Amino acid sequence: MDFTAAGPAAGPAPDRTRPVPFFGQAASFEDAWPDIRARVTEVIDDGKYSHGQQVGRWEAALAEWTGARHCVAVNSGTDALVLLLRACGLAPGDEVVVPAFSFIATASSVVLAGGRPVFADIDPVTYTLDPNSAADAVTGRTTMLMPVHLFCQLADMDALTGVAERHGLTLVEDSAEAIGMRWNGVHAGLLGAGGVLSFFPTKTLGALGDAGAILTDDARIAEAASALRHHGRTGRTLAHFPGISRATELNGVNSKMDDLQAAVLLGKLPRLAAAVRRRAELAAAYTERLRDVPGLLRLPTVAAREADTNPVFYVYLVEAERRDALAAYLADHGVGTETYYPVPLHLQPCFAALGYKQGQFPHAEAACARTLALPFHPDLTTADIDTVCALVRHFFTGRAA
Ligand SMILES: *Cc1c(COP(=O)(O)O)cnc(C)c1O
């Protein structure tokens with residue numbers, strides 16, 4: 001397909017020396033591999049592959065890094081959300097307000113925990129839950145509010161804490177992509193009852209497969225989550241948590257983190273701060289090169305807050321005219337992109353029974369139609385960014401510079 005024909009001019013596309021994949025992070029954590037290999041050997045020799053020594057060490061290391069009183073390691077970020085909601089006492093049929101623009105797990109975790117997701121619109125600049133829309137979504141059956149921290153920054157946690165307090169809601173955070181982000185010094189996930197982290201390989205801190213964690217300062221939530229991940233067991237007896245809903249008391253799951261993943265994460269953690277700094281440099285390099293490209297409607301914008309915030313670039317997301325044609329043009333020239341998220345949650349087929357309609361959350365719908373994530377990982381070079389930006393410029397102007 002000739003996508004250049006759709007552009008205003010059709011000069012030759014810029015030269016490219018090598019493809020730029022959307023994702024890769026082996027090289028940036030290169031100096032971690034000897035340590036990771038030694039730890040993996042330790043797991044093999046230890047012979048305890050499930051909840052041996054590495055998982056406990058990982059929970060302690062993560063608690064220290066984030067400042068959480070309790071970290072509960074589990075099988076994935078999605079399981080962390082389900083178990084967090086249950087450990088916080090979500091009862092069957094309870095409503096949880098979530099943004100309409102997020103990864104599917106934000107809403108499916110509510111259903112899996114026995115609740116009902118209620119959608120609200122996002123702020124069009126930060127793509128995070130709009131506090132006014134969230135307040136409008138609250139009904140007599142709503143018990144929880146779950147903002148999501150997306151791409152490079154936290155949702156407006158001062159305003160959302162206010163909404164939760166005014167309506168008597170438990171505040172939990174889908175902080176799956178927010179490792180390193182802080183609000184007045186408090187790590188994401190610790191601004192309400194609890195939050196989660198995902199260590200899916202593409203995340204800022206990725207394992208070599210699925211892994212996740214629950215963060216909380218509340219010992220009772222940690223104790224409940226810790227039992228629920230292991231069939232509801234504490235020691236050899238079945239658990240009972242007074243005050244937590246009956247459904248939660250009776251059914252645990254098997255969602256333990258593998259010791260091999262804990263070993264990998266322990267090896268990578270000391271390099272995380274450097275990887276986060278590298279991500280900030282790469283985001284600045286993109287913004288400098290893309291600032292004046294016509295056809296780009298928005299570059300990532302970190303909102304000015306009264307709070308002291310600590311943005312971390314997990315994804316570099318632009319809004320573009322003719323987004324799908326741009327993505328196809330980049331793919332044709334060896335550049336990988338991703339669409340986070342092509343369909344808003346309220347229009348996902350699995351939630352059709354909830355009765356939402358197109359047009360109900362215009363900012364979420366616009367974000368789904370216009371946003372595109374460019375290649376972004378700490379292994380990128382400035383030359384890679386030059387390549388991507390020259391192609392983007394060429395797509396819209398017919399010139400590479
Ligand atoms: C990655 C992610 C999840 C799910 O984490 P997994 O480890 O893939 O299960 C949930 N919510 C958001 C916002 C995410 O980005």
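These legends walk through several close-up views of a predicted model.

Figure 1. Let us begin with the complete chain before zooming in. The protein contains 13 helices and 15 strands. Its radius of gyration is 22 Å, close to the 21 Å that the globule rule gives for 401 residues, so the protein is as compact as a globular protein of that length. How many of the 401 residues count as buried? The share is 55%.

**Figure 2. Helix H2 packs against helix H9.** Two packed helices are described by the angle between their axes and the distance between the axes. Here, H2 (residues 53–66) meets H9 (residues 259–268) at an angle of about 40 degrees, and their axes are 8 Å apart. Angles under 35 degrees would count as roughly parallel, and H2 and H9 are therefore oblique to each other. Their crossing is left-handed. Look for Gln53, Gln54, Val55, Arg57, Trp58 and Ala61 on the H2 side, and for Asp259, Ala262, Ala263, Leu265 and Leu266 on the H9 side. Sorted by class, this contact of H2 with H9 brings together seven nonpolar, two polar and two charged residues.

**Figure 3. Helix H9 and what covers it.** Stay with H9 for a moment and ask how it sits in the structure. Is H9 largely enclosed or open? Nine of its ten residues are buried, so H9 is largely enclosed by the rest of the structure. The buried residues are Asp259, Gln261, Ala262, Ala263, Val264, Leu265, Leu266, Gly267 and Lys268. Their cover includes helix H1 (33–46), H2 and helix H10 (272–290).

**Figure 4. Helix H3 packs against helix H7.** H3 (residues 77–87) and H7 (residues 219–228) pack at an angle of about 130 degrees, with 9 Å between their axes. Which word describes how H3 and H7 lie to each other? They are oblique. H3 passes H7 in a right-handed crossing. From H3, the contact uses Leu83, Leu84, Arg86 and Ala87, while H7 supplies Ile221, Ala224, Ala225 and Leu228. In this contact of H3 with H7 there are seven nonpolar residues, no polar ones and one charged residue.

**Figure 5. Glutamate 59 within helix H2.** Return now to H2, where glutamate 59 has its place. Is glutamate 59 buried or exposed? Residues under 20% relative accessible area are buried, so glutamate 59, at 17% relative accessibility, counts as buried. Setting aside neighbours within four places in sequence, glutamate 59 is in contact with Cys71, Val72, Ala73 and Arg229. Aspartate 121 lies 62 residues from glutamate 59 along the chain, and the C-alpha atoms of the two are separated by 34 Å.

**Figure 6. Serine 175 in a loop between two strands.** Find strand E5 (170–173) and strand E6 (182–183), and serine 175 is in the loop between them. Serine 175 is buried, with a relative accessible area of 0%. Which residues does serine 175 touch, not counting those up to four places away in sequence? They are His149, Ala188, Gly189, Gly195, Val196 and Leu197.

Figure 7. Phenylalanine 151 is not a glycine, although its phi is positive, at about 70 degrees. Its loop runs between strand E4 (142–145) and helix H6 (157–167). With a relative accessible area of 3%, phenylalanine 151 is buried. Arginine 322 is not a glycine either, and its positive phi is about 50 degrees. Arginine 322 belongs to the loop between strand E14 (316–320) and H11. At 34% relative accessibility, arginine 322 counts as partly exposed.

Figure 8. What is the form of the peptide bond from tyrosine 340 to tyrosine 341? The bond is cis, with omega near 5 degrees. Tyrosine 341 itself is found in the loop between helix H11 (323–332) and helix H12 (362–370).

How values were computed. Residues are numbered from 1 along each chain as its sequence is written. This is a predicted model: local features need pLDDT of at least 70, side-chain atom pairs count only at pLDDT 80 or more; totals for chains, interfaces and linings use all residues. Side-chain values use heavy atoms; hydrogens and water are left out. Axes are lines fitted to C-alpha atoms, for helices over the stretch in contact, and angles run from 0 to 180 degrees between N-to-C directions. Helices (H or I, at least four residues) and strands (E, at least two) are DSSP runs, numbered from the N terminus. Angles under 35 degrees count as roughly parallel, over 145 as roughly antiparallel, 65 to 115 as roughly perpendicular and the rest as oblique. A crossing is left-handed if the near helix is turned anticlockwise from the far one by less than a right angle, and right-handed if clockwise. Contact means heavy atoms within 4.5 Å. Ala, Val, Leu, Ile, Met, Phe, Trp, Tyr, Cys and Pro count as nonpolar, Asp, Glu, Lys and Arg as charged, and the others, Gly among them, as polar. The radius of gyration is taken over C-alpha atoms; the globule rule is 2.2 Å times the number of residues to the power 0.38. Buried means under 20% relative accessible area, exposed over 50%, partly exposed in between (1.4 Å probe, protein chains only).
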